[in-house]
Amino acid sequence: MPLVRSKEILLAALEQRFAVGAFNANNMEQVQAIVEVAQEERAPVIVQVSQGAIRYAGLEFAAGMVKIAADLVDVPVVLHLDHGSSFEQNIRCLRAGFTSLMFDGSELPYEENVAITKRVCEIAHAVGIPVEAELGRVLQFAPGVTEEEVKRAMTDPEQAGEFVARTGADSLAVAVGSVHAMRERRARLDIERIAAIRRRANLPLVLHGSSGVKEEDLKEAIQSGICKINVATYLNQAFTRGLKDGLAKHPDEVDPRKFLAISREYVKEAVREKIRLFGSAGRAGVGGGLRPGSARHPGTQLEKDESKE
Ligand code: G3H
Ligand code: ZN
């Protein structure tokens, strides 16, 4: 079915206490793996295009793959911009048919983050597309990163309430103990902080950097208000393991499809594990019919405009 937007799916997840898997994809095999498993598990799913994916595959190519994959299944698939780096990039993604945006102003001074997020929201909302914002900062893993640094970058619950009220963001990425790109699951989440943010900013909360978080913490976080969980490194690890195993098993093979098919299978199993862990299996019904162009939101001309591109 055509792409759907993230808003109603995340609100349903918040209410029903599960989380939607938001999986980063950089190539065709990863897109196929994510969407095929969503179909098999009857789960709504978010496919994310990161800054690296845009540099690697190009915006139109990345978006095109996800649109095609979504058309081949009958579960809700969202095309989301991950860590949108500027106002302009968000607008380019709107035009390219993304059904969910993100402006990441977490490295900017607070007032600048407010101002740009608000501007992105105003424009995206005019065509019915929701926007994720970020407050506090989810750090990038590096050997020297200390617990102190992670703590200092955490989201202030009080400020989160004000930020959401001023910007109109539809969901909020929060810094609560996770760190991007960890290869082992040893990060602990500040569950109390998640609950405190939720009390002040009543909207779907997003967890970034989930690959390095302990499973029990992910489950508790979902109970406290996290309803979108981003996964990238864990899938890349699975993909690369598939390549290595394939090369080791067939050292004389020259057809790359032999290796890529193994990678795709490994990614599928990683996605399945996460979808089940997040409780989104069997929830495909939550986003049905709520896509740009449907009568229930203002972006009624979007599909028509897209067909011209
Ligand atoms: O935005 C993407 C995610 O936050 C992914 O983080 O690579 O640690 O899973 P991860
Ligand atoms: Zn992230």
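## Basis of the model

Residues are numbered from 1 along each chain as its sequence is written, and chains are lettered from A and ligands numbered from 1 in the order in which they are written. In this predicted model, local features need pLDDT of at least 70, side-chain atom pairs count only at pLDDT 80 or more, and totals for chains, interfaces and linings use all residues, while side-chain values use heavy atoms, with hydrogens and water left out.

## Zinc site

Which residues hold the protein donors of the zinc ion (ligand 2)? They are His83 (NE2), His180 (NE2) and His208 (ND1), lying 2.1 Å from the ion. Donors here are N, O and S atoms within 2.8 Å of the metal (3.2 Å for Na, K and Ca); water is not among the atoms, so sites may look incomplete. Along the chain, the donors follow the spacing H-x96-H-x27-H.

His83 lies in the loop between β3 (77–81) and α5 (87–95), and His208 in the loop between β7 (205–207) and α10 (215–224), so the pair ties together parts 125 residues apart in sequence. Helices (H or I, at least four residues) and strands (E, at least two) are DSSP runs, numbered from the N terminus. His83 and His208 are both buried. Buried means under 20% relative accessible area, exposed over 50%, and partly exposed in between (1.4 Å probe, protein chains only).

## Helix α2

At the start of α2, a side-chain oxygen of Asn27 comes within 3.2 Å of the backbone nitrogen of Glu29. After the helix comes Arg42, with a positive phi near 55 degrees.

Buried residues of α2 include Val31, Ile34, Val35 and Ala38. Their cover includes β1 (20–24), β2 (45–49), α4 (59–71), β3, α11 (233–249) and α12 (256–278).

## Salt bridges

The structure holds 21 salt bridges. Each is a side-chain nitrogen of Lys or Arg within 4 Å of a carboxyl oxygen of Asp or Glu. Lys268 bridges to Glu36, with the closest N and O atoms 3.0 Å apart. This pair links helix α12 to helix α2, 232 residues apart. Lys268 is buried at 7% relative accessible area, whereas Glu36 is partly exposed at 32%. Glu41 forms a salt bridge with Arg276, the closest N and O atoms being 2.8 Å apart. Here too the link runs from α2 to α12, across 235 residues. Glu41 is buried at 11%, while Arg276 is exposed at 53%.

Elsewhere, Glu111 and Arg166 form a salt bridge, closest N and O atoms 2.8 Å apart. Glu111 lies in helix α6 (110–126) and Arg166 in helix α8 (157–167), so the pair ties together parts 55 residues apart in sequence. Glu111 is partly exposed at 46%, and Arg166 is partly exposed at 33%. Shared partners join Glu36, Glu40, Glu41, Lys268, Glu269, Arg272 and Arg276 into one salt-bridge network.

## Strand β2

Is β2 enclosed or open? Five of its five residues are buried, so the strand is largely enclosed by the rest of the structure. Val45, Val47 and Val49 are buried on one side, and Ile46 and Gln48 on the other.

Strands β1 and β2 pair in the parallel sense over three bridges. Pairing requires at least two DSSP bridges between two strands. Ile46 in β2 is the bridge partner of Ala22.

Conventions:
Contact means heavy atoms within 4.5 Å. A polar contact is a pair of N or O atoms within 3.5 Å; within protein, one must be able to donate a hydrogen and the other to accept it, and residues adjacent in sequence count only if both atoms are side-chain atoms.
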